[in-house]
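Keep the picture open while you read.

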Amino acid sequence: MHEYLGHLTDDYRSGRVGRRTFIRWAATLGLSAPAISAVLASCAPAPSAASPTSAPAPPAAATQAPAPAGTAQPVKGGTMRVTGSPAVEINPHKLTSNGGIITTFPCLNFLARVSADGVPQPELATSWTPSADVKTWTFKLRQGVKFHDGSPFGADDVVATYKRLADKSTGSTAASTLNFLPPDGIEKIDDSTVAFHLSRAQADFPYYTYIYQAGILPANWSGDWATSPIGTGPFKMTSYTSGQGSTYVRNEAYWENGLPYLDGIDIKIWQDPSGELTALQSGASDMMALTPYDALDDIRKNPNLQVLSSRSASYDAMHMRVDTAPFDNPKVRQALALSLNRQDVLNIVLGPDGGDLASDQPVAPVLRDHVDVAMKNQDIAMAKQLLSEAGHPNGFEFDLPTHSGAEWLKNWALTLQQAFAPLGVKANLVVETSQVYYTHWTTVTTGVTEWASRSTASEILNSAYRTGVNWNSAHWSNPAFDTALDQLDATVDLSKRKELMLTLEKALSDEVPAIITYARSSPRGLSKRVQGMSQDPNRYLDLRSVYLTS
Amino acid sequence: MARRIVLVLLTLWLVSLGVFAVSELLPGDVAIFILGQQATPETLAVLRAQLGLNVPAPERYVEWLFGFIRGDWGKSLALQVPITDLVLSRMANSFVLAGIAFIITVPLSIGAGLLAALRQGRLTDRLISLIGISGLAIPEFVSGVVLILLFSLTLRIAPASAQIPTGASPLSVLPALILPAFTLALTLFAYISRMTRASAVEVLSSDYVRAAFLKGLPTSKVITRHVLRNALLPTITVIGAQIGWLVGGLVVVEHLFGYPGLGDLLLFAALNKDIPLLEACVMVVASVYMLANLGTELLFGVLNPRIRYA
């Protein structure tokens with residue numbers, strides 16, 4: 001057990017740490033679900049007023065069926081029909097798109113699964129223990145779990161899966177996400193124990209076991225998902241037709257008691273979301289895996305349909321290259337940021353309940369480590385003054401590339417364009433196809449990019465804002481920021497983490513390498529006959545406890 | 001005949017070269033499509049090597065061409081499945097949809113065209129013209145959406161999705177094919193009925209038809225023996241040309257209804273720079289188009305012995 005857990009429990013008992021933070025942090029550091037429940041039961045601290053949402057449920061013991069959201073008794077049976085976007089890569093280790101994620105996820109389990117509340121919960125692992133320096137993490141594995149072909153699951157499969165992920169020659173983007181995990185640092189201790197020896201401290205490691213490429217596959221897996229789909233998950237894939245869809249049946253030997261409820265799943269691939277919407281409206285499908293924001297009104301109006309929305313850490317960013325004029329002057333970037341009425345922008349682009357406001361920093365309120373920094377208000381006078389000081393009293397003109405691959409993104413870019421206009425700043429919007437945009441998005445002077453949700457602040461900040469990383473499209477560099485980020489990954493003390501997070505978020509909000517006005521919610525349109533669907537900030541596909549009413 | 005076949009093959013080769021060249025000129029490649037925003041220089045490099053994109057373009061083209069001639073169409077870069085099976089099964093699906101559209105349209109539009117010619121200037125003629133011109137003027141993506149709104153979402157009598165269950169035949173979802181086939185039929189109807197009407201009007205005013213009436217033949221005989229036979233000649237050319245047009249319509253209609261046909265696949269390949277898949281689709285479409293033209297010419301010769309080809 002990690003030594004800090006004692007302090008954490010004391011801090012919770014004395015009310016210095018809120019219930020929500022306690023649960024999430026204690027689970028991360030490996031305190032078991034019964035132990036967390038015992039602490040929660042042993043004292044009833046004052047409710048934390050700062051808590052932005054209701055407190056999360058303590059992690060359920062994974063052998064029990066999670067309580068479904070509906071009030072009715074779950075019914076077994078039925079096939080759920082889901083529509084999604086094209087799956088371009090269906091090797092689970094190399095997934096890159098939502099189409100690939102929904103195709104493979106029904107079959108897979110992870111070492112841990114991060115709940116919608118942001119709590120890492122044991123899945124194929126039963127527990128984990130970090131070393132004092134959080135550089136070595138030891139995972140105990142669940143016994144008696146079998147793959148779909150009947151072969152037993154064990155430490156060899158975990159080691160093989162993670163070695164493939166960490167090996168750069170696999171071609172998985174997980175290798176850069178897990179850049180602290182060297183392939184030879186994955187060690188089998190015994191048949192049910194695996195140790196991860198990291199190259200640097202990573203206090204959030206359990207969250208990284210739920211990156212979408214980390215589904216556990218057998219050590220001897222062939223490498224071709226279309227012909228040999230396999231996993232330990234609740235469903236077995238029975239057919240796959242490239243570009244058309246896939247079907248699944250219940251895994252009768254599934255290890256979670258009584259789950260899943262569904263007999264099967266039928267996934268259909270559409271190239272165009274408008275076709276998916278029509279299928280949902282006409283009753284030909286039960287759920288749209290990725291529901292566009294502009295479809296939500298139509299779905300809410302339909303008496304047979306509902307919207308399940310989850311707060312998430314996905315966001316949109318307009319980066320500005322800090323090494324290129326006129327954006328090399330921080331005053332120019334700050335001026336543009338002050339031209340925005342952020343609430344109006346959110347209302348226009350995603351709707352009033354489309355997300356949480358952001359002050360040019362990407363760590364969303366839903367994340368465990370989020371701290372509040374001052375929200376910027378629209379201030380045209382100040383913005384004009386900053387522009388004058390920067391030598392652009394009459395504004396300037398620039399090209400603003402974005403892409404058509406995400407339907408709301410162009411609308412966000414348009415509202416920015418409108419907001420800049422009163423400053424005399426003319427943004428020429430260039431809408432490219434996503435294939436073209438992503439050939440040069442990290443080199444263009446400015447660009448409007450959408451970012452998928454991630455489970456930790458550390459992952460978000462490391463991926464795009466550390467000096468010199470691939471996705472640092474603003475080419476921003478701040479040594480103090482980098483140092484604080486290094487320290488964050490090595491720090492387990494919550495009060496120190498809070499200070500570090502304030503430094504990190506303030507650096508971004510003050511220097512504005514990117515304009516970020518909101519964190520998006522993750523909505524899903526589904527039929528009202530679908531019950532027990534859990535909220536999912538990532539919009540993966542978890543149908544374990546879903547059931548259908550007629 | 002041999003000369004024609006050589007010409008067809010030459011054209012196909014030029015088309016394949018053109019498609020390859022244009023795809024190469026456009027920015028981006030399939031590796032960027034697959035990785036999207038996730039792309040990092042390392043993963044891009046690994047994926048490009050895995051997909052064989054590191055090889056220079058001319059070399060890739062030659063390799064593709066010889067493979068294609070041997071019947072090995074390669075693997076789709078984006079979908080990672082053998083192309084031959086994929087394209088042939090999608091083509092079969094498209095033939096079913098196009099076939100149904102043709103079965104609906106051809107008798108209907110020839111009949112309507114003839115009727116309009118006989119009732120020239122009267123209300124029936126005007127009505128048929130109106131339907132025809134509307135069909136011409138309204139693109140498939142509008143008429144298709146209107147049909148979905150009306151029959152699927154409001155009346156709820158026809159399915160909006162023409163998805164085929166994995167592994168099943170398209171005939172198993174016959175009711176689902178009504179709306180897409182009807183959308184295609186609307187455009188086809190316009191061309192064929194207007195062409196039939198125009199040539200029937202011309203034939204009706206000809207001396208030999210007048211003579212046939214004057215010598216006392218019953219109207220039905222005049223129409224079947226004289227009017228139809230002569231008026232159909234230009235119509236057949238139009239129908240042949242429609243097969244080429246149909247492919248364009250199929251791209252839109254299949255996309256709209258989510259029907260797994262060749263048009264839908266073609267669009268996917270083009271959008272994602274999956275060049276081997278795109279080449280295979282284009283080759284199939286071009287072959288169908290040229291065979292249809294060849295067939296039309298041969299049929300024309302049968303119906304009109306005056307212009308038989310050597």
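Predicted model: local features only at pLDDT ≥ 70, side-chain atom pairs only at ≥ 80, totals over all residues.

Let's begin with chain B, which has 12 helices and zero strands. If you read along the sequence, the pattern is simply α-α-α-α-α-α-α-α-α-α-α-α. The C-alpha trace of chain B spans about 85 × 55 × 30 Å along its principal axes. There are 310 residues in chain B, and 40% of them are buried. Now look at how the chain touches itself: among contacts in chain B with a separation of 6 or more, 70% are between residues 24 or more positions apart.

One residue makes a handy example. B:Ser94 sits in helix α5 (residues 83-118) of chain B. Is B:Ser94 buried or exposed? The cut-off for buried is 20 or more other C-beta atoms within 10 Å. B:Ser94 has 28 other C-beta atoms within 10 Å, so this residue is buried. Setting aside neighbours within four places in sequence, B:Ser94 is in contact with B:Leu250, B:Gly261, B:Leu262 and B:Gly263.

**Where the chains meet**

How many residues of chain B are in contact with chain A? The count is 41 residues of chain B, which touch 36 residues of chain A. On the chain B side, the elements that give two or more residues are α2 (30-35), α3 (41-51), α7 (140-154), α10 (219-257) and α11 (262-271) of chain B. The largest share of that side comes from α3(B), with six residues. Sorted by class, the chain B side that touches chain A has 23 nonpolar, 14 polar and four charged residues.

**Strands in chain A**

Over in chain A, you can pick out an open sheet of four strands in the order β4-β5-β7-β6, with antiparallel pairing. Its edge strands are β4 (125-130) and β6 (186-190) of chain A, each of which pairs on one side only. From one strand to the next, the twist averages 20 degrees. Helix α5 (residues 155-166) of chain A packs on this sheet and touches β5, β6 and β7 of chain A. The direction of this helix makes about 175 degrees with that of β6(A).

Another strand to find is β1 (residues 79-84) of chain A. Five of its six residues are buried, so β1(A) is largely enclosed by the rest of the structure. A:Val82 has a bridge partner in β10(A), namely A:Ile267, and one in β11(A), namely A:Met287.

| Strand pair | Sense | Bridges |
|---|---|---|
| β5 (residues 136-141) and β7 (residues 193-197) of chain A | antiparallel | five bridges |
| β1(A) and β10 (residues 264-269) of chain A | parallel | six bridges |
| β1(A) and β11 (residues 287-288) of chain A | parallel | two bridges |

**Two helices of chain A**

Next, go to helix α1 (residues 4-13) and helix α2 (residues 19-28) of chain A, which pack at an angle of about 170 degrees with their axes 10 Å apart. α1(A) and α2(A) are therefore roughly antiparallel to each other. Who makes the contact? From α1(A) come A:Leu5, A:Leu8 and A:Tyr12, while α2(A) brings A:Phe22, A:Trp25 and A:Ala26. By class, that is six nonpolar, no polar and no charged residues.

**The nonpolar cores**

A:Ala26 turns up again in the largest nonpolar core, which has 157 residues. Which members touch the most other members? They are A:Ala26, B:Val87, B:Ala101 and B:Cys281. The largest share of this core, 15 residues, comes from helix α8 (residues 178-204) of chain B. Leaving out neighbours within four places in sequence, B:Cys281 is in contact with B:Val87, B:Leu262, B:Leu265, B:Leu266 and B:Ala269. A second, separate core has 59 residues, including A:Val349, A:Ala406, A:Leu416 and A:Trp451.

Key: Residues numbered from 1 in each chain as written. Chains lettered and ligands numbered in written order. Contact = placed C-beta atoms within 7 Å. Nonpolar A, V, L, I, M, F, W, Y, C, P; charged D, E, K, R; others polar. Pairing = 2+ DSSP bridges. Axes fitted to C-alpha atoms, helices over the stretch in contact; angles between N-to-C directions. Parallel < 35°, antiparallel > 145°, perpendicular 65-115°, else oblique. Core = buried A, V, L, I, M, F, W, Y, C linked by C-beta atoms within 7 Å. Buried ≥ 20, exposed ≤ 12 C-beta atoms within 10 Å, placed from the backbone.
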